[in-house]
Amino acid sequence: MKIAVLGGGNGSFAAAGDFALSGHEVRLWRRDADQVAAHRAADARILVKDHNGRHDVRLALVTADMAEAVDGAELILCPAPAFAQPDIARLLAPHLRDDQVVFLPPATFGSMIFAQAANDAGNHAKASFAETGTLPWLTRKHGPFEVAITIRAKRLPVGVFPLDRAPHALEVIGRAFPDAIEPCGDALSGALMNAGPIIHPPLIVMNAGPIEHFERWDIHKEGTQAAIRRVTDALDAERIAVREALGYGAPHFPLAHHYAKQGEIWMYGRGSHDRLTDSGDWRERIVLTEHRYMREDLRLGLSLLVSVAGLAGVSTPLAKAFLSIGGAICGEDFAQGGRTLGTLGLDKLSKAEFQTLLRNGF
């Protein structure tokens with residue numbers, strides 16, 4: 001199938017390389033013209049490294065022209081960080097056509113941002129927008145055009161906006177991720193599957209000392225201790241309580257299953273935590289005031305959770321606490337702004353009106 005991948009980070013390169021490896025026609029869009037020129041000079045190739053070895057693949061196109069990238073694409077995949085979504089959504093909005101599917105893995109309710117951008121641009125094409133709970137690859141770039149894939153996701157709970165277009169959207173996404181897609185309802189349900197705002201805030205806040213002391217620190221190895229895991233489970237319980245209060249059913253993909261040796265298989269499958277730490281790729285330098293774990297997962301992800309919890313009538317003391325501490329670390333007030341129903345322009349809707357929007361679209 002024809003797939004457009006938007007972005008130039010770890011997830012975008014993993015997506016482009018892995019899709020090309022699977023035989024799809026892949027076009028990669030990046031906004032930096034100099035990086036596009038350099039990649040074209042390298043014959044639009046990506047070196048993909050995984051447990052099966054090294055694979056040299058060639059993309060159909062690398063471009064800084066959004067219209068060129070998405071023209072005729074059945075699937076448009078954008079794994080860019082949530083804070084980059086508004087700009088990318090505005091660039092994409094005029095070019096969407098009927099039956100195209102925009103997939104954001106994960107998105108912090110970014111599906112609504114992309115849908116709103118298209119609507120604001122006067123583009124009423126019957127496109128679909130979907131998001132899931134995690135990036136489909138545990139991955140890190142090892143060079144300008146080289147990416148290592150440690151794990152591919154086994155289960156991807158996917159929510160779709162508008163929900164009435166879910167059958168088509170899920171069929172298209174399913175061809176890119178065979179046997180991995182699990183429908184979980186509407187886009188808000190998909191957003192409330194996002195693991196990033198649950199796993200990363202406790203790891204960076206409770207490991208702030210060693211993160212700033214050591215040149216490199218693996219928050220998933222030395223940083224994942226029993227005390228932190230108990231806090232993570234309690235934070236995840238707040239997320240699940242919000243899902244249940246809004247009427248979303250199981251499975252809720254509790255993060256505890258990511259670490260478990262038995263029981264229900266989580267998104268990355270059994271043993272993924274050990275494979276992640278064994279790779280060594282997550283022993284890295286984290287600048288707390290700048291890293292996406294803070295700017296995306298904590299600030300945007302937890303502000304969304306707290307906001308939606310207000311709609312659901314659920315208490316989220318830990319999510320609010322991490323927002324306060326994260327803001328103090330950054331010298332900012334994370335209680336203001338962020339990604340909330342208010343900043344998305346949805347705070348005036350009743351619960352029933354909101355559910356109608358999620359089902360039918362604009």
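This is a predicted model: local features need pLDDT of at least 70, side-chain atom pairs count only at pLDDT 80 or more; totals for chains, interfaces and linings use all residues.
Let us begin with Asp 99, which is partly exposed, with a relative accessible area of 47%. Asp 99 sits in the loop between helix H4, residues 85-92, and strand S7, residues 101-104. Its phi is near 75 degrees, a positive value in a residue other than glycine. For context, most residues other than glycine have a negative phi.

A second residue with this feature is Thr 108, where phi is positive at about 55 degrees although the residue is not a glycine. Thr 108 belongs to the loop between S7 and helix H5, residues 110-120. Is Thr 108 buried or exposed? Thr 108 is buried, because its relative accessible area of 3% falls under the 20% cut-off.

Two peptide bonds also deserve attention. In general, most peptide bonds are trans. Phe 161 and Pro 162, however, are joined by a cis peptide bond, with omega about -15 degrees. Pro 162 is placed in the loop between strand S11 and helix H6. The bond from Ala 250 to Pro 251 is cis as well, with omega near 5 degrees. Pro 251 is in the loop between helices H10 and H11.

That loop between H10, residues 226-245, and H11, residues 256-259, also holds Tyr 248. Tyr 248 is buried, with a relative accessible area of 13%. How many of the six residues of S11 are buried? Six of the six are buried, so strand S11 is largely enclosed by the rest of the structure. Leu 156, Val 158 and Val 160 point one way from S11, while Pro 157, Gly 159 and Phe 161 point the other way.

S11 has a partner in strand S8, residues 128-132, and these two pair in the antiparallel sense over four bridges. Within this pairing, Ala 130 has Val 160 of S11 as its bridge partner. S11 is also joined to strand S12, residues 181-186, by five bridges, and here the strands run parallel. Val 160 takes part again, with Asp 186 as its bridge partner in S12. Together, S11, helix H6 (residues 166-176) and S12 make a right-handed β-α-β unit.

Another strand to consider is S10, residues 146-152, which is mostly covered, with five of its seven residues buried. Three bridges join S10 to strand S3, residues 45-50, and this pair runs parallel. Lys 49 has Ala 148 of S10 as its bridge partner. Strand S9, in contrast, runs antiparallel to S10, and six bridges join them. S9 and S10 form a hairpin with two residues between them, and Gly 143 stands opposite Glu 146 of S10.

I now come to the spaces in the structure. The largest pocket has a volume of about 840 Å³. Its lining consists of 42 residues, and Pro 79, Leu 135, Arg 140, Arg 292 and Glu 296 lie nearest its centre. The elements that give two or more residues to this lining are helix H1 (10-21), strand S9 (137-143), helix H8 (196-205) and helix H13 (292-312). By class, the lining of the largest pocket has 18 nonpolar, 16 polar and eight charged residues. Domain 1 (2-192) and domain 2 (195-360) each supply at least three residues to it.

What of the cavities? A search of the whole structure finds two of 30 Å³ or more. The largest cavity holds about 80 Å³ of space. Among the residues that line it are Thr 108, Asn 194, Ile 198 and Arg 239. H8 and H13 are the elements that give two or more residues to this lining, and H13 gives the most, with three residues. By class, there are six nonpolar, three polar and one charged residues in the lining of the largest cavity.

By class, the lining of the second largest cavity has seven nonpolar, one polar and two charged residues.

Methods. Residues are numbered from 1 along each chain as its sequence is written. Side-chain values use heavy atoms; hydrogens and water are left out. On a 1 Å grid over the protein atoms alone, a cavity is a set of points where a 1.4 Å probe fits but cannot get out, and a pocket is an open set with protein on both sides within 12 Å along at least five of seven lines; lining residues have an atom within 4 Å of a point. Grid points are joined across faces, edges and corners, and a volume is the space filled by probe spheres set on the points. Ala, Val, Leu, Ile, Met, Phe, Trp, Tyr, Cys and Pro count as nonpolar, Asp, Glu, Lys and Arg as charged, and the others, Gly among them, as polar. Domain bounds come from an automatic or database domain assignment. Buried means under 20% relative accessible area, exposed over 50%, partly exposed in between (1.4 Å probe, protein chains only). Two strands pair if DSSP finds at least two bridges between them. A crossover is right-handed if, with the strands pointing away from the viewer, the path from the first strand over the helix to the second runs clockwise.
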